[in-house]
Amino acid sequence: LLVEPTPAVDGAFSGRLGVRGGWQELTAIRGRLELSELALTYQDRQIRNLQPVIAEVGDGVLDVESLFLGSPQTGGELFVGGTVGLTAEDPPLELRLQTSLAAVWLEPLLPDFQISGAFDALATVRGTATAPKINGQGEVRKGQVIVPGFPHSLEDASAIVFFYPEQVVLHQLRGRVAGGSVQATGRLAMPRTTDQPLDYELQAVARNLNLRYPEGWTVRGGAEISLRAPSGDGGRELAGTVTLDRAFYLQDVPVGLFQVIQGTLQRQRLALQETEEELAKTQLSLSIQGDEALRVRNNVADLSGDISLTLQGTLARPVIFGQVEVVPGGTLLFRDTEYEVERGLLTFSNPTRIDPVIDLVATTEVDNYDVSLQLSGTLDRLKASVEDPPEVQAERRETEGDNTTDSD
């Protein structure tokens, strides 16, 4: 009997095995296995039997009388009992499962995430090996998930999960993120074949979040979002509403206003050039709203504004529609001169890329005259002009006319 080695698995066992019958006919084999010691190591995690392992073979059926395992490191436990058919092409199952496992056992499946907490479950498994039918219930306790590249983690998570033959239902998930709360429900249809696309749906509600994301921003607000992946082409849709109470940008920048506007939006646009297949299959339909939510306070601007945007397209190539309107009365610094905003509007209407049309007018006073600053156009053709008041322009024309007369 040749057995392929399993990577990262090692162990030892001791006990008794008795077998009688011939290998030509499995139904004629009779056997009994009793292990007093069973020790396994999987990726530096240890598993040991908590009571003797007992199993019998007879009439083409493997009957597991006792399989009770535990992890000394995490305190987790797993009990399995019941029968597995040995003679059918698709073996029938009649198993009972009870487990209390530490969430760290999921880390090999999600190597980039840090996971802690516990998962308890009680279930029966019937049907066949290729089409198991699970009935039972699970519970997540004191969960924590740290996502790479994201400054906040999911804390104190708890959830109830129901297992049905046709689907798995997330009845209730609660947790804390960024000083706020998150709740979620969902379902996952059990695939009938291994190549069938997943059919799932998840709804999440977040309240009173205080996010330090994206870099340089502090965002406060909530969201109601759904993620759906109906069976079919393997695509999915992310939809919902994000409500912003505040979106602060307080970080000083070593450049002028013109470069800030152009550089910030230009970086976001260039980031869309790389496309991944999974991201391209995720359609977006998100509304982002925030009355007087925008706040920019740094060395070049002191502005506030309203946000009314719609995020469409895909995760690989998102497209923004809508407006960001600057509230009159704010100030900005342009060429070492402070201006007061009279009108400011960013209009997103390009269906192929994130490229807003900018329309901003601000004024200042120089030597008792009002001077106007205008920014207009798109990122590729953004124009800045400073205009003197009509009185100064008339005086300049008169001066130029006098100079012309003198030269004649």
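Reader: What makes Asp 199 and Arg 187 a salt bridge?

Author: Keep in mind that this is a predicted model. The closest N and O atoms of Asp 199 and Arg 187 are 3.1 Å apart. The cut-off is within 4 Å, so the pair counts as a salt bridge. In general, side chains of opposite charge can pair when their charged atoms come close.

Reader: Where in the chain do Asp 199 and Arg 187 sit?

Author: Asp 199 is in strand S13 (residues 199-211), and Arg 187 is in strand S12 (residues 180-189). They're 12 residues apart, and the pair links distant parts of the chain.

Reader: How do you know whether Asp 199 is buried or exposed?

Author: Check its relative accessibility, which is 18%. Buried means under 20%, so Asp 199 gets that label. Arg 187 comes in at 28%. That value lies between 20% and 50%, so Arg 187 is called partly exposed.

Reader: Which residues are linked with Arg 187 and Asp 199 in a network of salt bridges?

Author: Glu 201, Arg 228 and Glu 237 are linked with them in that network. By the 4 Å rule, the count for the model comes to 15 salt bridges.

Reader: What makes Arg 32 a partner of Glu 34?

Author: Their closest N and O atoms are 2.6 Å apart, and that is within 4 Å, so it's a salt bridge. Arg 32 also meets Glu 65 in a salt bridge, at 3.6 Å from N to O. This second pair links distant parts of the chain, with Arg 32 in strand S2 (residues 30-42) and Glu 65 in strand S5 (residues 61-70), 33 residues apart.

Reader: Why are Arg 32, Glu 34 and Glu 65 called partly exposed?

Author: Arg 32 has 30% relative accessibility, Glu 34 has 31% and Glu 65 has 37%.

Reader: Which residues gather in a patch of negative charge on the surface?

Author: They are Glu 338, Glu 340, Glu 342, Glu 365, Asp 367 and Asp 370. Strand S20 (residues 337-348) gives the most to the patch, with three residues.

Reader: Why is Asp 367 called exposed?

Author: Its relative accessible area is 66%, and exposed means over 50%, so Asp 367 passes. You'll find Asp 367 in the loop between strand S21 (357-366) and strand S22 (369-377).

Conventions: Residues numbered from 1 in each chain as written. Predicted model: local features only at pLDDT ≥ 70, side-chain atom pairs only at ≥ 80, totals over all residues. Heavy atoms only, no water. Patch = residues over 30% accessible without salt bridge, like charges linked within 9 Å, V, L, I, M, F, W, Y side chains within 5 Å. Areas by Shrake-Rupley, 256 points an atom, 1.4 Å probe, with all protein chains shown as cover. Salt bridge = Lys/Arg side-chain N within 4 Å of Asp/Glu carboxyl O. Lys, Arg positive; Asp, Glu negative; His and termini not counted. Charge placed at Lys NZ, Arg CZ, Asp CG, Glu CD. Helix = DSSP H or I, 4+ residues; strand = E, 2+ residues; numbered from the N terminus. Buried < 20%, exposed > 50% of the residue type's maximum accessible area, 1.4 Å probe, protein only.
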